[in-house]
Amino acid sequence: MTLLPFTDCCLLLGVDPKTLRLWLTSAHLSCTVHPSDARLKCLTPSQLHHLAKLHDRFLPDPLPGEASERGSSPAFASPLAQAASPQESPAASSVAAPPPDADLRHQFTLLQAPVASLQEHVTQLALALVREQQWHWELRVASPAPSLPSPLVTSPPASKAHTALSSHRSPAPAKPAAPTKPDRPRSRALPLIEEAADGHFVVISPTQGVLPLIPDSPAWFDWLSCLTAFTFQSEHGRFSATRKFRKGQRVQSWNVHRSLHGRSCTLYLGLTSTLTLARLQDMAATVYARLTNS
């Protein structure tokens with residue numbers, strides 16, 4: 001009996017090992033242990049053909065390892081033996097043969113999903129860049145202009161006697177300059193939680209792009225606990241949230257802040273475990289109402 005290794009089956013079907021295991025579970029199939037190596041998991045050709053038929057995958061004909069078996073079978077006998085069997089018709093062999101463009105169609109099917117995902121990723125990044133630029137422009141317009149420096153006041157010239165007296169005094173020792181703290185580089189781009197046009201919320205990371213996070217899921221709260229700041233935007237409003245300091249360390253407690261038309265608002269948002277999507281939407285509406293009400 002012909003047995004195909006698990007890795008070869010993944011290459012023939014064009015999927016990764018995890019997807020192939022899911023397909024086997026859904027089809028109620030199990031792998032077969034190789035007779036000479038118990039560590040090697042294999043599938044039979046019938047199992048492989050069954051999975052390909054369920055998921056619209058094209059397989060080469062014959063499969064690797066089947067050529068020797070088919071050579072000894074009646075279907076691959078000599079021409080005299082084939083002519084002597086009247087029950088086999090040319091129509092049956094033409095039906096069993098795969099279409100000539102099966103390989104190209106299979107490759108095109110495998111490329112469709114990555115291309116669509118890449119296009120969506122590029123679109124989301126472009127939209128995030130436009131919104132970030134617009135937000136910085138609004139902050140620049142809303143912030144007050146810096147005050148002009150006051151003119152220097154010149155002191156009147158000292159008298160000659162005072163100049164001579166001060167020349168005999170010993171110079172005062174210079175005070176050591178206080179050490180200056182190095183400026184920390186701050187990232188201008190923050191993680192963004194934004195409501196898309198279809199009403200769903202997307203999470204965009206400045207370094208990783210669009211993240212497949214579901215709001216209010218355990219992965220959602222784990223991701224928020226690793227942040228120090230983020231930006232939220234929906235149809236109810238927008239704000240920036242930062243984690244609070246306590247005894248010189250960051251804690252899982254958040255404040256929100258937003259400035260609009262020269263007015264600013266800072267409110268307590270809550271703990272990380274309470275930052276549900278509904279809580280963020282309510283806070284965005286509250287912040288917008290405080291900045292727009294007179």
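Predicted model: local features only at pLDDT ≥ 70, side-chain atom pairs only at ≥ 80, totals over all residues.
A residue counts as exposed when its relative accessible area is over 50%, and as buried when that area is under 20%.

**Entry 1: histidines with positive phi**

I looked up where histidine 28 sits, and I found it in the loop between α2 and β2 (32-33). Its phi is positive, about 60 degrees, although histidine 28 is not a glycine.

I then turned to histidine 261, which lies in the loop between β9 (249-260) and β10 (263-271). Here too I read a positive phi in a residue other than glycine, with a value near 55 degrees. Histidine 261 has a relative accessible area of 68%, and because the cut-off for exposed is over 50%, histidine 261 is exposed.

**Entry 2: the chain as a whole**

How many helices and strands does the chain have? I find that its secondary structure comes to ten helices and ten strands. The chain has 294 residues, and 27% of them count as buried. I also looked at contacts in the chain with a separation of 6 or more, and residues 24 or more positions apart account for 52% of these.

I began with helix α1 (residues 6-13) and helix α2 (residues 17-26), whose axes come within 10 Å and cross at roughly 95 degrees. Angles from 65 to 115 degrees count as roughly perpendicular, and α1 and α2 are therefore described in that way. On the α1 side the residues in this contact are Phe6, Cys9, Cys10 and Leu13, and they meet Pro17, Leu20, Arg21, Trp23 and Leu24 in α2. Sorted by class, the contact of α1 with α2 has eight nonpolar residues, no polar ones and one charged residue.

Next I looked at α1 against helix α3 (residues 45-54), where the axes are 11 Å apart and the helices pack at an angle of about 30 degrees. Because angles under 35 degrees count as roughly parallel, α1 and α3 are given that description. The crossing of α1 past α3 is right-handed. In this contact Cys9, Leu12 and Leu13 of α1 meet Leu48, Leu51 and Ala52 of α3. The residues of the contact of α1 with α3 divide into six nonpolar, no polar and no charged.

**Entry 3: salt bridges**

How many salt bridges does a search of the whole structure find? The search finds two.

In one of them the side chains of aspartate 37 and arginine 39 meet, with a distance of 3.4 Å from N to O. I checked the accessibility of both partners, and aspartate 37, at 26% relative accessibility, counts as partly exposed, whereas arginine 39 is exposed, with a relative accessible area of 73%.

Glutamate 194 also forms a salt bridge, and its partner is arginine 131, with the closest N and O atoms 2.2 Å apart. This pair links distant parts of the chain, since glutamate 194 is in strand β4 (residues 192-195) and arginine 131 is in helix α7 (residues 102-142), 63 residues apart. Is glutamate 194 buried or exposed? Glutamate 194 counts as buried, because its relative accessibility is 5% and the cut-off for buried is under 20%. Arginine 131, at 23% relative accessibility, counts as partly exposed.

I looked up serine 240 and found it in strand β8 (residues 237-246). At 16% relative accessibility, serine 240 counts as buried. Which residues does serine 240 touch, not counting those up to four places away in sequence? I list Trp135, Phe230, Thr231, Asn255, Val256 and His257.

Serine 217, by contrast, has its place in the loop between β6 (209-211) and α9 (218-225). At 15% relative accessibility, serine 217 also counts as buried.

Conventions
Residues numbered from 1 in each chain as written. Heavy atoms only, no water. Salt bridge = Lys/Arg side-chain N within 4 Å of Asp/Glu carboxyl O. Buried < 20%, exposed > 50% of the residue type's maximum accessible area, 1.4 Å probe, protein only. Helix = DSSP H or I, 4+ residues; strand = E, 2+ residues; numbered from the N terminus. Axes fitted to C-alpha atoms, helices over the stretch in contact; angles between N-to-C directions. Parallel < 35°, antiparallel > 145°, perpendicular 65-115°, else oblique. Contact = heavy atoms within 4.5 Å. Nonpolar A, V, L, I, M, F, W, Y, C, P; charged D, E, K, R; others polar. Left-handed = near helix turned anticlockwise from the far one by under 90°.
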